Amino acid sequence: MIFTAAEKASIASIWSKVAGHESAIGAEALERLFLSFPQSKTYFSHFDVSHGSKDLQSHGGKVLKAIGSAAQHLNDLDFALSSLSELHARKLRVDPGNFRLLSHAIQVTLAVHFPNQFTAEAQAAWDKFLSAVSSTLVSQYR
């Protein structure tokens with residue numbers, strides 16, 4: 001996927017505000033996912049999914065750090081996400097539809113935290129970016 005200069009700038013601008021807060025924002029996005037789509041908890045039966053749990057903080061941080069890595073490699077998402085793609089497809093066998101749901105939860109969380117910066121243009125760029133991340137993650141399923 002090709003990103004315009006404006007899309008890259010929007011992604012980088014929002015990411016600069018997220019960086020350093022990955023665990024908290026990631027945990028909040030996971031909580032939104034689990035509350036909005038309870039079926040997504042299936043893959044986390046061994047986690048404490050209660051508000052503010054260490055499991056949510058830890059996994060949420062991992063998720064958003066991976067998103068941050070992808071944001072730094074917009075021109076080569078396949079390379080940036082290859083190990084995660086393999087892990088999710090081969091070992092964890094996560095339903096690919098959950099990536100779309102998590103992308104939505106992440107966008108809502110970003111909009112809540114950064115309402116002035118998460119404009120319609122920024123949302124469109126992040127939607128495109130997270131769709132590309134999702135597509136890359138499910139590429140190993142084929």
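This is a predicted model: local features need pLDDT of at least 70, side-chain atom pairs count only at pLDDT 80 or more; totals for chains, interfaces and linings use all residues.
**Entry 1: length of H1.** I began with helix H1, residues 5-18. At 1.5 Å a residue, its 14 residues should span 20 Å, and I found the end C-alpha atoms 20 Å apart, which agrees.

**Entry 2: the buried side of H1.** Which residues of H1 are buried? I listed Glu7, Ser10, Ile11, Ile14, Trp15 and Val18. Looking down the axis of H1, I saw the buried residues fall within an arc of 125 degrees, so they line one face of the helix. The spacing rule is handy here: an α-helix has 3.6 residues a turn, so residues three or four places apart point the same way.

**Entry 3: both faces of H1.** Next I asked what the buried residues of H1 pack against. The partners are H2, H3, helix H5 (97-113) and helix H6 (120-137). On the face turned away from the buried side, I noted Ala5 and Ala6, which are exposed.

**Entry 4: just past H1.** I checked the backbone here and found that glycine 20 has a positive phi of about 95 degrees.

**Entry 5: H2 against H3.** How do the axes of H2 (residues 22-36) and H3 (residues 54-72) cross? They come within 7 Å and cross at roughly 105 degrees, which makes H2 roughly perpendicular to H3. I sorted the contact by class and got 7 nonpolar, 6 polar and 3 charged residues. From H2, the residues in contact include Ile25, Leu30 and Phe34; from H3, they include Leu56, His59 and Lys65.

How values were computed. Residues are numbered from 1 along each chain as its sequence is written. Side-chain values use heavy atoms; hydrogens and water are left out. Axes are lines fitted to C-alpha atoms, for helices over the stretch in contact, and angles run from 0 to 180 degrees between N-to-C directions. Helices (H or I, at least four residues) and strands (E, at least two) are DSSP runs, numbered from the N terminus. Angles under 35 degrees count as roughly parallel, over 145 as roughly antiparallel, 65 to 115 as roughly perpendicular and the rest as oblique. Contact means heavy atoms within 4.5 Å. Ala, Val, Leu, Ile, Met, Phe, Trp, Tyr, Cys and Pro count as nonpolar, Asp, Glu, Lys and Arg as charged, and the others, Gly among them, as polar. The expected span of a helix is 1.5 Å times one less than its number of residues. Buried means under 20% relative accessible area, exposed over 50%, partly exposed in between (1.4 Å probe, protein chains only). The arc is that of the directions from the helix axis to the C-beta atoms.
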